[in-house]
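Please look through the sequence and the three-dimensional model shown here before reading on.

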Amino acid sequence: MVDVAKIKEVRERTGVGFGDCKKALEEADWDIEGALDVLRKQSAVKAAKRADRTASEGRLGLKVSEDGTSGAIVEVNSETDFAARNERFAQFCERAVDAVIADGPEAIEALEDERNALISAIGENISIRRADRIVSDGGFVTGYLHATGTVGAIVELSSNVGELCRNIAMHVTAQNPMAINADELPQEVIDREMAIFKTQIEESGRPAKFAENILRGKMAKFKAESCLNEQSYIWDKDQQVGELLNASGAECRKFVRYEVGEGIS
């Protein structure tokens, strides 16, 4: 005899379709916990089958503690933007970032069963691609997540400077700096840019005697565009971010910026 109430309960607890819940209950002789075990096993199998499918869409989870002592950001990927807008997907992102802010990036390992269940319910490959946490020692952590849920940043400043904190997080999100200061840029990045600029100068046909000055100017521009403290502040292009922070009695210690799908081919 079909027990609709049990099917409904299993469906509410798993998000799996009516038919699959019914089959799981039948296999478990209508024992709810047994049916949940059946569905967990099925979810793991489905997750393995879908693991090689590219998941480059998705959304971010971002959270900052009320006292500003810590912040976390996670990227959860799906195969389609449609799946990323699913309510259960959004809830999973929130649980993931809650776990990371509480226990660090390694906490996502404990979400494997829930991830598999989400794969089974949505029917797409779902992956937690990356996660970061900032825990401040005497500073202040802030963050900003764009309304699309696809790009955001957490930032640690040396002190709480009010509204400017969130504005700096918005700036980092919008301008995508590579480092805080030029001396933090990886040497391989500098070498690569110099090689590109040298080739451009050679191919431009300009006299060799001007090459050094042109290269110096191009590198200065690259560093100004790539380093947070040298970037023009998005709300006042005449002022550099570093100057603004210094005038406010603060400095940026660290930032982590994520954009969904960046670097995925």
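**A helix and its buried face**

In H9, the residues Ile214, Leu215, Met219, Phe222 and Ser226 are buried, where buried stands for under 20% relative accessible area, exposed for over 50%, and partly exposed for what lies in between, with a 1.4 Å probe and protein chains only. Seen down the axis of H9, these buried residues fall within an arc of 130°, so they line one face of the helix; the arc is taken from the directions that run from the helix axis to the C-beta atoms. Helix H8 (187-204) is included in what covers the buried residues of H9, contact being defined as heavy atoms within 4.5 Å. On the face of H9 turned away from its buried side, one finds the exposed residues Asn213 and Lys221.

The model is predicted, so local features need pLDDT of at least 70 and side-chain atom pairs count only at pLDDT 80 or more, whereas totals for chains, interfaces and linings use all residues. Residues are numbered from 1 along each chain as its sequence is written, and side-chain values use heavy atoms, with hydrogens and water left out.

The length of H9 can be checked as well: at 1.5 Å a residue, the 16 residues of helix H9 (residues 211-226) should span 22 Å, and the end C-alpha atoms are 22 Å apart, which agrees. The expected span is 1.5 Å times one less than the number of residues, and helices (H or I, at least four residues) and strands (E, at least two) are DSSP runs numbered from the N terminus.

**Charged pairs**

Side chains of opposite charge can pair when their charged atoms come close. A search of the whole structure finds 12 salt bridges, each being a side-chain nitrogen of Lys or Arg within 4 Å of a carboxyl oxygen of Asp or Glu. One of them joins Glu75 to Arg130, with the closest N and O atoms 2.6 Å apart. Because Glu75 lies in strand E2 (residues 70-78) and Arg130 in strand E3 (residues 127-135), the pair ties together parts that are 55 residues apart in sequence. Glu75 itself is buried, at a relative accessible area of 0%.

Arg257 and Glu262 also meet through their side chains in a salt bridge, at 4.0 Å from N to O. Arg257 counts as buried at 13% relative accessibility, while Glu262, at 27%, counts as partly exposed. Through salt bridges that share partners, Glu75, Arg129, Arg130, Arg257, Glu259 and Glu262 are joined into one network.

Within helix H6 (residues 112-122), Arg115 and Glu112 lie three residues apart, about one turn of the helix, and their side chains meet in a salt bridge of 2.6 Å, N to O. Arg115 is buried, with a relative accessible area of 15%, whereas Glu112 is partly exposed, with 35%.

**A loop and a surface patch**

Most residues other than glycine have a negative phi. Asp29, although not a glycine, has a positive phi of about 55°, and Trp30, likewise not a glycine, has a positive phi of about 65°. Asp29 lies in the loop between H2 and helix H3 (32-50), and Trp30 is found in the loop between H2 and H3. Asp29 counts as exposed at 65% relative accessibility, whereas Trp30 is buried, with a relative accessible area of 16%.

Phe18, placed in helix H2 (residues 18-27), counts as partly exposed at 40% relative accessibility. Together with Val2 and Val4, Phe18 forms a nonpolar surface patch of about 260 Å² of accessible area. Patches are made of residues with over 30% relative accessible area and no salt bridge, like charges being joined within 9 Å and nonpolar side chains (Val, Leu, Ile, Met, Phe, Trp, Tyr) within 5 Å. Accessible areas come from the Shrake-Rupley method with a 1.4 Å probe, and for residues only the protein chains shown count as cover.
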